[in-house]
Amino acid sequence: MAHILVSPLNWGLGHATRDIPIIQKLLFHHHDVTIAAAGNARSVLEQEFPDCRSIHFPDYPAPYSTSRFFLPKFAASLPFMLKAISDERKNLNAILSKDRYDLIISDNRLGVYSSKIPSVFITHQLHYHLPVIFWPVELLALVMNGYLHGKYRHVIVPDNPPGAQALAGKLSRPGTDETKKRVYFSGILTSTHKLDIGQDLDFLVMISGPEPQRKQLEQILLRQIHNISGTCVILLGSPGYHDIQTRYENCRVIPYASTPEKEYLMNRARFIICRSGYTSIMEIAELRKNQALFIPTPGQTEQEYLSWYYEKKGWFHSQNQYRLDLSEDIRIAQQPHYTGFPPVSRTKENIKRLYDDIFAYYLD
Amino acid sequence: MDELVITGVFGFIGVFIAAAMLLYGLFIIAGMVVTLIVTGEYGAAFAIVLGIFIFVFLYIETGCRLHKTDRI
(Lines give C-alpha, C1' and ligand atoms only; values in the text may rest on other atoms or scores of the structure.)
Protein backbone atom coordinates (compact mmCIF):
# COMPACT_ATOMS: atom_id res chain seq x y z
CA MET A 1 0.00 0.00 0.00
CA ALA A 2 1.48 3.30 -1.11
CA HIS A 3 0.95 6.84 0.12
CA ILE A 4 0.15 9.56 -2.41
CA LEU A 5 0.00 13.32 -2.01
CA VAL A 6 -2.64 14.89 -4.26
CA SER A 7 -2.50 18.65 -4.59
CA PRO A 8 -4.88 20.54 -6.90
CA LEU A 9 -4.74 24.24 -7.65
CA ASN A 10 -7.58 26.26 -6.14
CA TRP A 11 -8.42 28.41 -9.18
CA GLY A 12 -12.06 27.43 -9.51
CA LEU A 13 -13.15 23.89 -8.73
CA GLY A 14 -12.13 22.33 -12.04
CA HIS A 15 -8.76 21.07 -10.87
CA ALA A 16 -10.19 19.48 -7.74
CA THR A 17 -13.15 17.87 -9.49
CA ARG A 18 -11.07 16.25 -12.22
CA ASP A 19 -8.87 14.75 -9.50
CA ILE A 20 -11.89 13.01 -7.95
CA PRO A 21 -11.81 10.00 -10.33
CA ILE A 22 -8.04 9.75 -9.83
CA ILE A 23 -8.37 9.66 -6.03
CA GLN A 24 -11.24 7.16 -6.31
CA LYS A 25 -9.02 4.90 -8.40
CA LEU A 26 -6.11 5.20 -5.95
CA LEU A 27 -8.41 4.34 -3.03
CA PHE A 28 -9.89 1.44 -5.01
CA HIS A 29 -6.36 0.03 -5.17
CA HIS A 30 -6.12 0.41 -1.37
CA HIS A 31 -3.58 3.23 -1.38
CA ASP A 32 -3.46 6.03 1.16
CA VAL A 33 -4.22 9.48 -0.19
CA THR A 34 -3.42 12.78 1.49
CA ILE A 35 -5.10 15.84 0.02
CA ALA A 36 -3.06 19.05 0.14
CA ALA A 37 -5.08 22.01 -1.06
CA ALA A 38 -6.67 25.29 -0.08
CA GLY A 39 -10.08 26.96 -0.12
CA ASN A 40 -12.97 25.47 -2.06
CA ALA A 41 -10.76 22.89 -3.79
CA ARG A 42 -9.92 21.44 -0.39
CA SER A 43 -13.56 21.61 0.80
CA VAL A 44 -14.82 19.74 -2.28
CA LEU A 45 -12.28 16.95 -1.87
CA GLU A 46 -12.84 16.75 1.89
CA GLN A 47 -16.57 16.37 1.26
CA GLU A 48 -15.98 13.73 -1.39
CA PHE A 49 -13.33 11.82 0.59
CA PRO A 50 -14.03 12.28 4.31
CA ASP A 51 -11.71 9.40 5.19
CA CYS A 52 -8.68 10.91 3.49
CA ARG A 53 -6.29 13.10 5.43
CA SER A 54 -6.39 16.69 4.31
CA ILE A 55 -3.75 19.39 4.78
CA HIS A 56 -4.22 23.12 4.32
CA PHE A 57 -1.73 23.99 1.59
CA PRO A 58 -2.14 27.55 0.27
CA ASP A 59 -1.43 28.26 -3.40
CA TYR A 60 -1.39 31.43 -5.48
CA PRO A 61 -4.19 33.94 -5.94
CA ALA A 62 -5.95 33.60 -9.30
CA PRO A 63 -5.07 36.59 -11.48
CA TYR A 64 -8.65 37.02 -12.68
CA SER A 65 -9.30 40.51 -13.89
CA THR A 66 -12.29 42.60 -12.90
CA SER A 67 -12.11 44.17 -16.37
CA ARG A 68 -11.90 42.67 -19.85
CA PHE A 69 -8.09 42.96 -19.72
CA PHE A 70 -6.68 39.81 -18.27
CA LEU A 71 -3.09 40.01 -19.52
CA PRO A 72 -1.89 43.26 -17.87
CA LYS A 73 -3.18 42.12 -14.52
CA PHE A 74 -1.59 38.72 -14.99
CA ALA A 75 1.78 40.34 -15.82
CA ALA A 76 1.53 42.61 -12.78
CA SER A 77 0.76 39.63 -10.54
CA LEU A 78 3.89 37.68 -11.55
CA PRO A 79 6.17 38.94 -8.72
CA PHE A 80 3.49 38.04 -6.16
CA MET A 81 3.09 34.66 -7.80
CA LEU A 82 6.83 34.05 -7.55
CA LYS A 83 6.66 34.84 -3.84
CA ALA A 84 3.71 32.45 -3.49
CA ILE A 85 5.60 29.70 -5.34
CA SER A 86 8.57 30.27 -3.03
CA ASP A 87 6.26 29.82 0.00
CA GLU A 88 4.68 26.80 -1.68
CA ARG A 89 8.11 25.13 -2.02
CA LYS A 90 8.85 25.75 1.67
CA ASN A 91 5.44 24.43 2.74
CA LEU A 92 5.84 21.36 0.54
CA ASN A 93 9.22 20.55 2.09
CA ALA A 94 7.60 20.80 5.52
CA ILE A 95 4.78 18.44 4.47
CA LEU A 96 7.17 15.93 2.91
CA SER A 97 9.44 15.94 5.96
CA LYS A 98 6.59 14.82 8.23
CA ASP A 99 5.49 11.73 6.29
CA ARG A 100 6.64 9.19 3.77
CA TYR A 101 5.16 9.60 0.29
CA ASP A 102 5.55 7.35 -2.74
CA LEU A 103 4.07 9.66 -5.34
CA ILE A 104 3.15 13.32 -5.69
CA ILE A 105 0.30 14.34 -7.98
CA SER A 106 0.26 18.05 -8.68
CA ASP A 107 -2.74 19.39 -10.53
CA ASN A 108 -1.36 22.56 -12.11
CA ARG A 109 0.64 23.57 -9.02
CA LEU A 110 4.01 24.56 -10.40
CA GLY A 111 5.94 24.24 -7.16
CA VAL A 112 4.58 20.86 -6.06
CA TYR A 113 7.28 18.36 -7.00
CA SER A 114 10.25 16.71 -5.38
CA SER A 115 13.56 15.49 -6.71
CA LYS A 116 13.40 12.57 -4.25
CA ILE A 117 9.79 11.43 -4.76
CA PRO A 118 8.29 10.61 -8.18
CA SER A 119 6.11 13.56 -9.14
CA VAL A 120 3.53 13.90 -11.89
CA PHE A 121 1.90 17.06 -13.16
CA ILE A 122 -1.66 17.32 -14.49
CA THR A 123 -2.51 20.09 -16.92
CA HIS A 124 -4.58 20.60 -20.05
CA GLN A 125 -2.50 23.62 -21.04
CA LEU A 126 0.88 22.74 -22.45
CA HIS A 127 0.65 25.73 -24.73
CA TYR A 128 -0.75 29.09 -23.60
CA HIS A 129 -2.82 31.02 -26.07
CA LEU A 130 -2.21 34.76 -26.41
CA PRO A 131 -3.37 37.34 -28.95
CA VAL A 132 -1.24 37.10 -32.14
CA ILE A 133 0.49 40.41 -31.36
CA PHE A 134 2.20 38.70 -28.41
CA TRP A 135 3.58 35.80 -30.46
CA PRO A 136 7.13 36.04 -29.07
CA VAL A 137 5.70 35.73 -25.52
CA GLU A 138 3.69 32.68 -26.58
CA LEU A 139 6.85 31.03 -27.93
CA LEU A 140 8.76 32.00 -24.80
CA ALA A 141 6.00 30.47 -22.66
CA LEU A 142 6.51 27.15 -24.50
CA VAL A 143 10.17 27.14 -23.44
CA MET A 144 9.19 28.10 -19.89
CA ASN A 145 6.67 25.25 -19.79
CA GLY A 146 9.36 22.85 -21.02
CA TYR A 147 11.55 23.92 -18.13
CA LEU A 148 8.74 23.49 -15.60
CA HIS A 149 7.67 20.12 -17.00
CA GLY A 150 11.28 18.95 -16.69
CA LYS A 151 10.75 18.85 -12.92
CA TYR A 152 8.22 16.01 -13.24
CA ARG A 153 8.39 12.37 -14.30
CA HIS A 154 5.18 12.66 -16.32
CA VAL A 155 2.90 15.41 -17.53
CA ILE A 156 -0.64 14.05 -17.67
CA VAL A 157 -2.94 15.85 -20.09
CA PRO A 158 -6.68 15.15 -19.69
CA ASP A 159 -7.26 15.22 -23.42
CA ASN A 160 -6.84 12.97 -26.43
CA PRO A 161 -3.52 13.13 -28.31
CA PRO A 162 -3.11 16.02 -30.78
CA GLY A 163 -5.23 15.39 -33.83
CA ALA A 164 -8.86 15.22 -34.86
CA GLN A 165 -10.12 14.24 -31.39
CA ALA A 166 -8.11 16.72 -29.30
CA LEU A 167 -10.68 18.73 -27.35
CA ALA A 168 -8.24 21.40 -26.19
CA GLY A 169 -6.75 22.03 -29.66
CA LYS A 170 -3.36 23.66 -29.55
CA LEU A 171 -3.55 24.10 -25.77
CA SER A 172 -2.73 20.43 -25.27
CA ARG A 173 -0.01 20.31 -27.92
CA PRO A 174 3.50 19.88 -26.51
CA GLY A 175 5.97 22.46 -27.79
CA THR A 176 9.39 21.35 -26.57
CA ASP A 177 11.28 18.07 -26.32
CA GLU A 178 11.27 18.34 -22.51
CA THR A 179 7.47 18.29 -22.57
CA LYS A 180 7.15 15.79 -25.43
CA LYS A 181 9.14 13.08 -23.68
CA ARG A 182 7.04 13.36 -20.50
CA VAL A 183 3.56 13.93 -21.84
CA TYR A 184 0.83 11.33 -21.40
CA PHE A 185 -2.59 11.92 -22.93
CA SER A 186 -5.05 10.32 -20.57
CA GLY A 187 -8.26 11.34 -22.31
CA ILE A 188 -10.92 13.33 -20.48
CA LEU A 189 -11.13 13.16 -16.67
CA THR A 190 -14.31 14.32 -15.02
CA SER A 191 -16.34 13.47 -11.95
CA THR A 192 -19.59 13.85 -13.93
CA HIS A 193 -21.18 10.58 -15.05
CA LYS A 194 -23.66 9.62 -17.69
CA LEU A 195 -26.92 8.66 -15.95
CA ASP A 196 -29.56 6.38 -17.38
CA ILE A 197 -32.31 9.01 -17.50
CA GLY A 198 -34.22 10.78 -20.27
CA GLN A 199 -33.59 14.25 -21.63
CA ASP A 200 -36.72 16.08 -20.49
CA LEU A 201 -35.18 19.53 -19.97
CA ASP A 202 -34.92 21.77 -23.03
CA PHE A 203 -32.25 24.16 -21.75
CA LEU A 204 -29.75 24.16 -18.91
CA VAL A 205 -27.90 27.42 -18.35
CA MET A 206 -24.81 27.20 -16.14
CA ILE A 207 -23.44 30.56 -15.09
CA SER A 208 -20.02 30.23 -13.54
CA GLY A 209 -16.54 31.69 -13.35
CA PRO A 210 -14.94 34.60 -11.55
CA GLU A 211 -16.77 37.77 -10.54
CA PRO A 212 -17.70 40.29 -11.81
CA GLN A 213 -18.00 38.54 -15.17
CA ARG A 214 -20.25 35.87 -13.67
CA LYS A 215 -22.68 38.50 -12.41
CA GLN A 216 -22.59 40.35 -15.74
CA LEU A 217 -23.43 37.18 -17.65
CA GLU A 218 -26.23 36.45 -15.17
CA GLN A 219 -27.78 39.86 -15.85
CA ILE A 220 -27.40 39.48 -19.63
CA LEU A 221 -29.00 36.03 -19.62
CA LEU A 222 -31.84 36.85 -17.22
CA ARG A 223 -32.77 39.81 -19.42
CA GLN A 224 -33.06 37.56 -22.46
CA ILE A 225 -34.26 34.27 -21.04
CA HIS A 226 -37.94 35.05 -21.72
CA ASN A 227 -37.08 35.03 -25.46
CA ILE A 228 -36.63 31.28 -25.56
CA SER A 229 -39.37 28.71 -25.52
CA GLY A 230 -39.14 25.42 -23.70
CA THR A 231 -38.37 24.24 -20.20
CA CYS A 232 -35.28 25.83 -18.72
CA VAL A 233 -33.16 25.70 -15.57
CA ILE A 234 -30.61 28.37 -14.75
CA LEU A 235 -27.81 27.55 -12.32
CA LEU A 236 -26.40 30.81 -11.00
CA GLY A 237 -23.34 29.25 -9.39
CA SER A 238 -23.71 31.72 -6.58
CA PRO A 239 -24.36 30.33 -3.09
CA GLY A 240 -26.23 32.72 -0.85
CA TYR A 241 -28.51 34.11 -3.52
CA HIS A 242 -32.18 33.58 -2.69
CA ASP A 243 -34.32 36.36 -4.07
CA ILE A 244 -34.25 35.92 -7.81
CA GLN A 245 -37.31 36.82 -9.83
CA THR A 246 -37.91 35.19 -13.17
CA ARG A 247 -40.33 36.48 -15.78
CA TYR A 248 -40.42 33.18 -17.59
CA GLU A 249 -42.96 30.64 -16.45
CA ASN A 250 -41.08 27.55 -17.65
CA CYS A 251 -37.78 28.73 -16.23
CA ARG A 252 -36.51 27.77 -12.79
CA VAL A 253 -33.60 29.68 -11.30
CA ILE A 254 -31.39 27.78 -8.85
CA PRO A 255 -28.84 29.88 -6.97
CA TYR A 256 -26.48 27.00 -6.32
CA ALA A 257 -26.59 23.30 -7.09
CA SER A 258 -24.56 20.57 -5.42
CA THR A 259 -22.36 18.39 -7.62
CA PRO A 260 -24.92 15.51 -7.82
CA GLU A 261 -27.75 17.99 -8.57
CA LYS A 262 -25.71 19.59 -11.33
CA GLU A 263 -24.84 16.18 -12.75
CA TYR A 264 -28.53 15.21 -12.74
CA LEU A 265 -29.57 18.43 -14.52
CA MET A 266 -26.77 18.11 -17.10
CA ASN A 267 -27.91 14.60 -17.90
CA ARG A 268 -31.51 15.78 -18.34
CA ALA A 269 -30.63 18.71 -20.58
CA ARG A 270 -31.00 18.64 -24.36
CA PHE A 271 -29.16 21.94 -24.80
CA ILE A 272 -26.51 23.41 -22.50
CA ILE A 273 -25.43 27.05 -22.27
CA CYS A 274 -22.21 27.61 -20.34
CA ARG A 275 -18.70 29.08 -20.24
CA SER A 276 -16.11 27.40 -22.44
CA GLY A 277 -14.00 26.35 -19.46
CA TYR A 278 -12.22 23.05 -19.93
CA THR A 279 -14.03 21.41 -17.00
CA SER A 280 -17.41 22.06 -18.63
CA ILE A 281 -15.97 20.89 -21.95
CA MET A 282 -14.95 17.54 -20.43
CA GLU A 283 -18.38 17.16 -18.80
CA ILE A 284 -20.14 17.78 -22.10
CA ALA A 285 -17.82 15.32 -23.85
CA GLU A 286 -18.39 12.70 -21.14
CA LEU A 287 -22.17 13.05 -21.42
CA ARG A 288 -21.92 13.14 -25.24
CA LYS A 289 -24.12 16.21 -25.48
CA ASN A 290 -24.25 17.46 -29.05
CA GLN A 291 -26.03 20.76 -28.53
CA ALA A 292 -24.50 23.60 -26.58
CA LEU A 293 -23.78 27.30 -26.73
CA PHE A 294 -20.50 28.51 -25.25
CA ILE A 295 -19.98 31.99 -23.84
CA PRO A 296 -16.28 32.55 -23.02
CA THR A 297 -15.31 34.66 -20.01
CA PRO A 298 -14.13 37.97 -21.51
CA GLY A 299 -10.36 38.36 -21.26
CA GLN A 300 -9.70 34.69 -20.42
CA THR A 301 -7.61 33.76 -23.42
CA GLU A 302 -7.97 30.01 -22.84
CA GLN A 303 -11.77 30.13 -23.02
CA GLU A 304 -11.70 32.54 -25.95
CA TYR A 305 -9.39 30.19 -27.83
CA LEU A 306 -11.54 27.11 -27.11
CA SER A 307 -14.65 28.95 -28.32
CA TRP A 308 -12.89 29.93 -31.51
CA TYR A 309 -11.52 26.40 -31.97
CA TYR A 310 -14.94 24.71 -31.59
CA GLU A 311 -16.50 27.17 -34.00
CA LYS A 312 -13.69 26.45 -36.49
CA LYS A 313 -14.10 22.69 -36.11
CA GLY A 314 -17.88 22.98 -36.51
CA TRP A 315 -18.46 21.30 -33.14
CA PHE A 316 -20.28 24.04 -31.21
CA HIS A 317 -21.38 27.62 -31.63
CA SER A 318 -19.94 30.30 -29.32
CA GLN A 319 -20.80 33.91 -28.70
CA ASN A 320 -19.18 36.78 -26.84
CA GLN A 321 -21.33 37.72 -23.82
CA TYR A 322 -21.51 41.36 -24.92
CA ARG A 323 -22.88 40.40 -28.35
CA LEU A 324 -25.19 37.66 -27.12
CA ASP A 325 -28.64 37.44 -28.68
CA LEU A 326 -29.86 34.38 -26.85
CA SER A 327 -32.70 33.20 -29.09
CA GLU A 328 -30.73 33.87 -32.29
CA ASP A 329 -27.55 32.23 -30.95
CA ILE A 330 -29.50 29.17 -29.81
CA ARG A 331 -31.04 28.97 -33.28
CA ILE A 332 -27.56 29.08 -34.84
CA ALA A 333 -26.18 26.56 -32.34
CA GLN A 334 -28.96 24.12 -33.28
CA GLN A 335 -28.02 24.15 -36.96
CA PRO A 336 -27.15 20.64 -38.16
CA HIS A 337 -23.63 21.61 -39.22
CA TYR A 338 -22.67 21.82 -35.54
CA THR A 339 -21.93 18.19 -34.83
CA GLY A 340 -20.82 18.25 -31.20
CA PHE A 341 -17.57 16.63 -30.08
CA PRO A 342 -16.45 13.45 -31.78
CA PRO A 343 -17.13 10.45 -29.52
CA VAL A 344 -14.21 10.14 -27.11
CA SER A 345 -13.38 7.47 -24.56
CA ARG A 346 -15.04 8.08 -21.20
CA THR A 347 -13.41 8.81 -17.84
CA LYS A 348 -13.91 5.28 -16.46
CA GLU A 349 -11.90 3.77 -19.28
CA ASN A 350 -9.33 6.58 -19.25
CA ILE A 351 -8.67 6.37 -15.54
CA LYS A 352 -8.09 2.63 -15.71
CA ARG A 353 -5.56 3.11 -18.51
CA LEU A 354 -3.90 5.99 -16.65
CA TYR A 355 -3.50 3.88 -13.53
CA ASP A 356 -2.11 0.89 -15.42
CA ASP A 357 0.23 2.93 -17.64
CA ILE A 358 1.56 5.46 -15.14
CA PHE A 359 0.60 5.10 -11.50
CA ALA A 360 0.95 1.32 -11.14
CA TYR A 361 4.66 1.55 -11.96
CA TYR A 362 5.29 3.71 -8.87
CA LEU A 363 2.69 2.26 -6.53
CA ASP A 364 2.29 -1.49 -7.02
CA MET B 1 16.73 29.63 -2.20
CA ASP B 2 14.93 27.05 -4.32
CA GLU B 3 16.17 26.61 -7.91
CA LEU B 4 12.66 27.10 -9.37
CA VAL B 5 12.27 30.40 -7.56
CA ILE B 6 15.76 31.64 -8.56
CA THR B 7 15.01 30.80 -12.21
CA GLY B 8 11.66 32.58 -11.96
CA VAL B 9 13.25 35.70 -10.44
CA PHE B 10 15.96 35.82 -13.14
CA GLY B 11 13.35 35.20 -15.84
CA PHE B 12 11.19 38.02 -14.54
CA ILE B 13 14.20 40.40 -14.31
CA GLY B 14 15.17 39.40 -17.88
CA VAL B 15 11.69 40.14 -19.22
CA PHE B 16 11.62 43.44 -17.32
CA ILE B 17 15.04 44.49 -18.71
CA ALA B 18 13.99 43.49 -22.25
CA ALA B 19 10.80 45.57 -21.95
CA ALA B 20 12.76 48.55 -20.57
CA MET B 21 15.32 48.29 -23.40
CA LEU B 22 12.53 48.14 -25.97
CA LEU B 23 10.89 51.27 -24.56
CA TYR B 24 14.27 53.03 -24.39
CA GLY B 25 14.98 52.07 -28.02
CA LEU B 26 11.59 53.43 -29.11
CA PHE B 27 12.27 56.66 -27.22
CA ILE B 28 15.73 57.07 -28.86
CA ILE B 29 14.35 56.39 -32.35
CA ALA B 30 11.45 58.82 -31.85
CA GLY B 31 13.92 61.49 -30.68
CA MET B 32 16.14 60.80 -33.69
CA VAL B 33 13.23 61.17 -36.12
CA VAL B 34 12.12 64.45 -34.51
CA THR B 35 15.70 65.82 -34.64
CA LEU B 36 16.06 64.86 -38.31
CA ILE B 37 12.76 66.56 -39.17
CA VAL B 38 13.69 69.72 -37.23
CA THR B 39 17.07 69.89 -38.99
CA GLY B 40 15.39 69.40 -42.36
CA GLU B 41 16.87 65.99 -43.10
CA TYR B 42 13.56 64.63 -44.37
CA GLY B 43 15.11 61.85 -46.43
CA ALA B 44 16.80 60.27 -43.41
CA ALA B 45 13.65 60.72 -41.28
CA PHE B 46 11.56 59.08 -44.00
CA ALA B 47 14.03 56.18 -44.19
CA ILE B 48 13.78 55.56 -40.44
CA VAL B 49 9.96 55.74 -40.46
CA LEU B 50 9.90 53.39 -43.44
CA GLY B 51 12.22 51.05 -41.55
CA ILE B 52 9.85 51.09 -38.58
CA PHE B 53 6.88 50.29 -40.83
CA ILE B 54 8.77 47.41 -42.46
CA PHE B 55 9.74 46.07 -39.02
CA VAL B 56 6.16 46.27 -37.72
CA PHE B 57 4.85 44.65 -40.92
CA LEU B 58 7.37 41.80 -40.67
CA TYR B 59 6.61 41.36 -36.96
CA ILE B 60 2.87 41.07 -37.54
CA GLU B 61 3.35 38.95 -40.67
CA THR B 62 5.56 36.52 -38.73
CA GLY B 63 2.87 36.24 -36.02
CA CYS B 64 0.12 35.65 -38.60
CA ARG B 65 2.25 33.09 -40.44
CA LEU B 66 2.98 31.20 -37.22
CA HIS B 67 -0.74 31.28 -36.46
CA LYS B 68 -1.75 30.08 -39.95
CA THR B 69 0.77 27.24 -39.90
CA ASP B 70 -0.53 26.21 -36.46
CA ARG B 71 2.80 26.82 -34.69
CA ILE B 72 1.12 29.16 -32.20
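This is a predicted model: local features need pLDDT of at least 70, side-chain atom pairs count only at pLDDT 80 or more; totals for chains, interfaces and linings use all residues.
Which residues does B:Gly63 touch, not counting residues up to four places away in sequence?

**Entry 1: B:Gly63**

I found that B:Gly63 touches A:Val132, A:Ile133 and A:Trp135, with residues up to four places away in sequence left out of the search. I then looked up where B:Gly63 sits in its own chain, and the place is helix H2 of chain B, which covers residues 42-68.

**Entry 2: the contact between chains B and A**

I looked up how many residues take part in the contact, and found 14 from chain B and 14 from chain A. On the side of chain B that touches chain A, helix H1 (3-38) and helix H2 each supply at least two residues. I noted that H1(B) gives the most to this side, with six residues. By residue class, I recorded seven nonpolar, five polar and two charged residues on the side of chain B that touches chain A.

**Entry 3: the sheet of chain A**

I turned to chain A and traced an open sheet of six strands, in the order E10-E9-E8-E11-E12-E13, with parallel pairing. The edge strands are E10 (251-254) and E13 (317-318) of chain A, each of which pairs on one side only. As background I noted that strands of a sheet pair through backbone hydrogen bonds, either parallel or antiparallel.

**Entry 4: strand E11 and the strands it pairs with**

I examined strand E11 of chain A, residues 269-274, which is joined to strand E8, residues 201-206, by four bridges in a parallel run. In this pairing, A:Val205 has A:Ile273 of E11(A) as its bridge partner. I followed A:Ile273 onward and found that its bridge partner in E12(A) is A:Leu293. E11(A) and strand E12, residues 292-294 of chain A, pair in the parallel sense over three bridges. I then traced the path between them: the chain crosses from E11(A) through helix H8, residues 278-287 of chain A, to E12(A), and this β-α-β crossover is right-handed.

Why is E11(A) largely enclosed by the rest of the structure? I recorded that five of the six residues of E11(A) are buried, so the strand is largely enclosed.

Conventions
Residues are numbered from 1 along each chain as its sequence is written. Chains are lettered from A and ligands numbered from 1 in the order in which they are written. Two residues are in contact if their C-beta atoms, placed from the backbone, lie within 7 Å. Two strands pair if DSSP finds at least two bridges between them. A residue is buried if 20 or more other C-beta atoms lie within 10 Å of its own, exposed if 12 or fewer, and partly exposed in between; C-beta atoms are placed from the backbone. A crossover is right-handed if, with the strands pointing away from the viewer, the path from the first strand over the helix to the second runs clockwise. Ala, Val, Leu, Ile, Met, Phe, Trp, Tyr, Cys and Pro count as nonpolar, Asp, Glu, Lys and Arg as charged, and the others, Gly among them, as polar.
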